[in-house]
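Here is a friendly note for anyone opening this structure for the first time. Please keep the 3D view at hand while you read the points that follow.

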Amino acid sequence: MRKYILADNQELTRFALESLLRQDEENVVYKASDKAGLVALLKEHESAVVLLDYTLFDFADEEQLLIVAERFNLSDWILISDDLTPQFIRRVVYSSHQFSVVFKDGPLSEVREAVSAVDRHTRFLSQRALESIINQQQEEDKSDHILTQTETEIVKAIAQGKTTKEIAAERFASVHTITTHRKNIFRKLGINTAHDVIKYALRAGLVDSSEFYI
């Protein structure tokens, strides 16, 4: 028996997904209409599979979504939406292996494959999602490895001696998210240690050189 939570406020899609899932009579299907209801169901069924249309739900941003997924780390998620930005897909997929991605305008076979893959505790990414991630990576590779505003702020925090946990608390983010930012920063700057981050921050004028001895 597998438990599923339908978190999709589009009635037709919800009906179609429920019909698909109930083809196996042992499956149990629950429904959530907002984030609070979804969290309540996950508290009762921590290993459930969530089928979510992120664009129609009341998550403030992907950060909030990732926090909920991290809180219920035994759950699996299938994102099913009409449209998801490349930045969103890449962020979610790189941040957690709990997420599979398909699109509502894709073939039904992809939804079936996603459900089947998740039942085996593996991830499924549709061809469109894969292409979106690859294209986004190529665009970033062309951007001369410039740090984003968030990454710049995290560089400054690291240079000030703050730990990953402290940075996460200050930014109301998860430790996992800050760790991902750190990896991206190290990759972009071509460095390997926090000491190198400090030297970069000094050269870039992000911190006062009088505070450090290198």
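1. In soluble globular proteins, nonpolar side chains tend to be buried together.

2. Before going further, please note that this is a predicted model: local features need pLDDT of at least 70, side-chain atom pairs count only at pLDDT 80 or more, and totals for chains, interfaces and linings use all residues. Residues are numbered from 1 along each chain as its sequence is written, and side-chain values use heavy atoms, with hydrogens and water left out.

3. Now for the overall picture. The protein chain has ten helices and five strands, where helices (H or I, at least four residues) and strands (E, at least two) are DSSP runs numbered from the N terminus. Its C-alpha trace spans about 70 × 35 × 25 Å along the principal axes. Of the 214 residues, 45% are buried; buried means under 20% relative accessible area, exposed over 50%, and partly exposed in between, with a 1.4 Å probe and protein chains only.

4. How much of the contact pattern comes from residues 24 or more positions apart? Among contacts with a separation of 6 or more, the share is 64%, a contact being heavy atoms within 4.5 Å.

5. The rule asks for a side-chain nitrogen of Lys or Arg within 4 Å of a carboxyl oxygen of Asp or Glu. One of them joins the side chains of K104 and D8, at 3.0 Å from N to O. K104 sits in the loop between β5 and α5 (108-119), and D8 in the loop between β1 and α1 (11-21), so this pair ties together parts that are 96 residues apart in sequence. Both K104 and D8 are buried.

6. A second salt bridge pairs K31 with E18, with the closest N and O atoms 3.0 Å apart. Because K31 belongs to strand β2 (residues 28-31) and E18 to helix α1, the pair ties together parts that are 13 residues apart in sequence. Are these two partners buried or exposed? K31 is partly exposed, with a relative accessible area of 49%, while E18 counts as buried at 15% relative accessibility.

7. R91 and E63 also meet in a salt bridge through their side chains, at 2.5 Å from N to O. This pair links distant parts of the chain, with R91 in helix α4 and E63 in helix α3, 28 residues apart. E63 counts as buried, at 14% relative accessibility. Elsewhere, salt bridges that share partners join R2, D76 and D119 into one network.

8. Helix α4 deserves a look of its own. This helix is mostly covered, with seven of its ten residues buried. The buried residues in α4 are F88, I89, R90, R91, V92, V93 and S95.

9. Please also visit helix α7 (residues 149-159), where E151, I154, V155, A157, I158 and A159 are buried. What lies over the buried residues of α7? The cover includes α8 (164-170), α9 (175-189) and α10 (194-203). Just after α7, G161 takes a positive phi of about 90°.

10. Two residues show this region at close hand. E151, in helix α7, counts as buried at 5% relative accessibility; not counting residues up to four places away in sequence, E151 touches I146, H181, N184, I185 and K188. I167, in helix α8, counts as buried at 1% relative accessibility. I167 and I154 are 13 residues apart in sequence and 7.3 Å apart in space, C-alpha to C-alpha. Leaving aside neighbours within four places in sequence, I167 is in contact with I154, A157, I158, K162 and I178.
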